[in-house]
Amino acid sequence: FEMARFWLNDCLENHVECPKPTPFLPARVIDVGPPDGSKDPCLFEESLHDDELPSSERRYIALSHCWGPPPWFRTTNDTLDERRSSISMSDLPPTFRDAVVVTRMLNVRYLWIDSLCIIQGNKEDWAKEAVRMCDYYQNALCTITSAHSPSSHGGLFVQRDDLPLYKRAWVLQEMILSSRALIYDPDAVRWECLSKYGSEPIAHLNQNLDVMDIIGDSIEQRASGWQHIVEDYMGRGLTNESDRLIAMAGVAEAMQKHTSDVYIAGLWKNLLPYGLTW
C-alpha cells in the first residue's frame with residue numbers, strides 16, 4: 001500500500017506527461033466509507049443529494065475485472081434501494097471487497113465498479129451508462145486492475161498462474177483509456193501510467209508511454225494502429241456477443257477526439273480504403 005500511494009502521488013505531483021484528473025464523478029459510485037472501515041460501503045448518487053460535493057472530493061478509483069460465470073453480485077432495479085442504503089463488506093465478492101480496501105488505503109472515498117454502478121437488466125440505464133465508460137475510465141484517479149482473477153471471487157491479493165483478465169474484450173478499452181493503473185498480477189503489484197512503469201522488483205522505471213502513440217499521426221500510422229487494436233480485441237472473449245461493438249465504443253470515442261475522424265461501426269471515414277481492403 002505504501003508503494004501504491006507513492007506511485008500515485010508521484011504521478012499526480014511530478015509527471016508532466018500524465019493528465020491531471022479534473023473534478024468529476026460518474027452518475028453512481030460506491031462510497032467506500034472512512035479509511036478505518038467503521039462504516040460499510042453504499043451506492044452514492046450525487047444527483048439525489050441537495051448539496052453538491054466540493055471539488056476536492058469529486059474523485060474516484062475505477063476497477064477493471066473479469067465478471068466470470070454467474071451468479072454475479074450486481075445492482076438491479078430490485079436491489080437499487082438496498083445498495084443505496086448499505087452494502088455489507090461480508091456480502092461483497094473478494095475482488096470487490098479488496099478493491100474497497102485498496103481505495104480506502106489510497107485515501108479515496110469513491111469507487112466505480114461497472115456491475116454495481118450500472119443498473120443491470122435496465123436497458124435505459126445500460127444504454128446511457130455504457131457509452132460513458134470512456135469518460136469513466138479516463139477521468140478516474142487510477143484504475144485498479146485485477147489481472148489474475150478469472151472472476152470477482154478471486155480477489156486482488158491471491159496469486160494465480162495465468163492472467164485471464166487480458167483475454168476479455170471489455171478490458172481492452174479499460175487498459176487503453178486509463179491514465180493510471182494499479183495492477184495486481186500473480187507475482188507482484190505493478191504500476192502503469194503515461195510516464196512510468198513500476199513493479200515491486202523494479203519500482204521506478206520511466207517508460208514514457210502515451211496510449212495515443214498506438215494510433216500515430218499519419219494516415220498510414222492510424223490505419224495500422226487501429227488494425228492492431230482490432231486484432232487484439234477480436235482475440236478476446238465476450239460473455240454477451242451483442243456487446244461486440246459497444247465494448248470498443250470508448251476506444252473509438254478517444255480516437256475520434258484525437259483525430260476528428262468519423263467512426264463508422266468499426267471503420268473510419270478517412271481510413272475507409274485501408275479498412276475495407278484490410
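This report describes the confidence, strands, charged pairs and aromatic pairs of a predicted model.

**Basis and confidence**

The model is predicted, and local features need pLDDT of at least 70, side-chain atom pairs count only at pLDDT 80 or more, and totals for chains, interfaces and linings use all residues. Residues are numbered from 1 along each chain as its sequence is written, and side-chain values use heavy atoms, with hydrogens and water left out.

The predictor's confidence in each residue is given as pLDDT, from 0 to 100. The chain has a mean pLDDT of 82, with 83% of its residues at 70 or more. Helices (H or I, at least four residues) and strands (E, at least two) are DSSP runs, numbered from the N terminus. Among the elements of the chain, E1 has the highest mean pLDDT (98) and strand E9 (residues 205-206) the lowest (45). Over residues 202-209 pLDDT stays under 50; the model has 21 contacts beyond four places in sequence for these residues, a contact being heavy atoms within 4.5 Å. Where pLDDT is low, the predicted coordinates should not be read in detail.

**Strands and a helix**

Burial is defined by relative accessible area: buried means under 20%, exposed over 50%, and partly exposed in between (1.4 Å probe, protein chains only). Strand E3 (residues 60-64) is largely enclosed by the rest of the structure, because five of its five residues are buried. In a regular strand the side chains alternate between the two faces of the sheet. In E3 both faces are covered, with Tyr60, Ala62 and Ser64 buried on one side and Ile61 and Leu63 buried on the other.

Two strands pair if DSSP finds at least two bridges between them. E3 runs parallel to strand E4 (residues 110-112), to which three bridges join it; in E4, Trp112 is the bridge partner of Ala62. E3 also pairs in the parallel sense with strand E5 (residues 142-146), over four bridges, and there Cys142 is the bridge partner of Ile61.

Elsewhere, strand E6 (residues 180-184) and E7 pair in the antiparallel sense over five bridges, with Glu192 in E7 as the bridge partner of Ala181. Strand E7 (residues 189-193) is mostly covered, four of its five residues being buried. In helix H9 (residues 249-259), the buried residues are Gly250, Val251, Ala252, Ala254, Met255 and Thr259.

Arg28 is found in the loop between helix H1 (2-14) and strand E1 (29-31), and counts as buried at 7% relative accessibility. The side chain of Arg28 reaches the backbone oxygen of Cys117 at 3.1 Å. Not counting residues up to four places away in sequence, the residues that Arg28 touches include Leu43, Phe44, Trp112 and Glu129.

A salt bridge is a side-chain nitrogen of Lys or Arg within 4 Å of a carboxyl oxygen of Asp or Glu. The count by this rule is eight salt bridges, and the table gives some of them.

| Salt bridge | N to O distance |
|---|---|
| Asp125 and Arg28 | 2.9 Å |
| Arg84 and Glu45 | 2.5 Å |
| Glu82 and Arg83 | 3.9 Å |

In the salt bridge of Asp125 and Arg28, Asp125 lies in helix H5 (residues 123-130) and Arg28 in the loop between H1 and E1, so the pair ties together parts that are 97 residues apart in sequence. Both Asp125 and Arg28 are buried.

The salt bridge of Arg84 and Glu45 links distant parts of the chain, with Arg84 in helix H2 (residues 80-85) and Glu45 in the loop between strand E2 (42-44) and E3, 39 residues apart. Arg84 is partly exposed, with a relative accessible area of 29%, whereas Glu45 counts as buried at 8% relative accessibility. A network of salt bridges links Arg28, Glu45, Asp81, Arg84 and Asp125.

**Aromatic pairs**

Rings of Phe, Tyr and Trp (its six-membered ring) pair if their centres lie within 6.5 Å; planes under 30 degrees apart count as stacked, over 60 as edge-to-face and the rest as tilted. The whole structure holds 10 aromatic pairs. The rings of Phe24 and Tyr136 have centres 6.2 Å apart and planes at 45°, so this pair is tilted. Phe24 and Tyr136 are both buried.

Trp226 and Trp268 form an edge-to-face pair, at 5.4 Å centre to centre and 90° between the planes. Trp226 lies in helix H8 (residues 219-234) and Trp268 in strand E11 (residues 267-268), so the pair ties together parts that are 42 residues apart in sequence. Ring pairs also link Phe24, Tyr60, Trp112, Tyr136 and Tyr137 into a cluster.

Note on methods. Polar contact = N/O pair within 3.5 Å; in protein donor to acceptor, adjacent residues only side chain to side chain.
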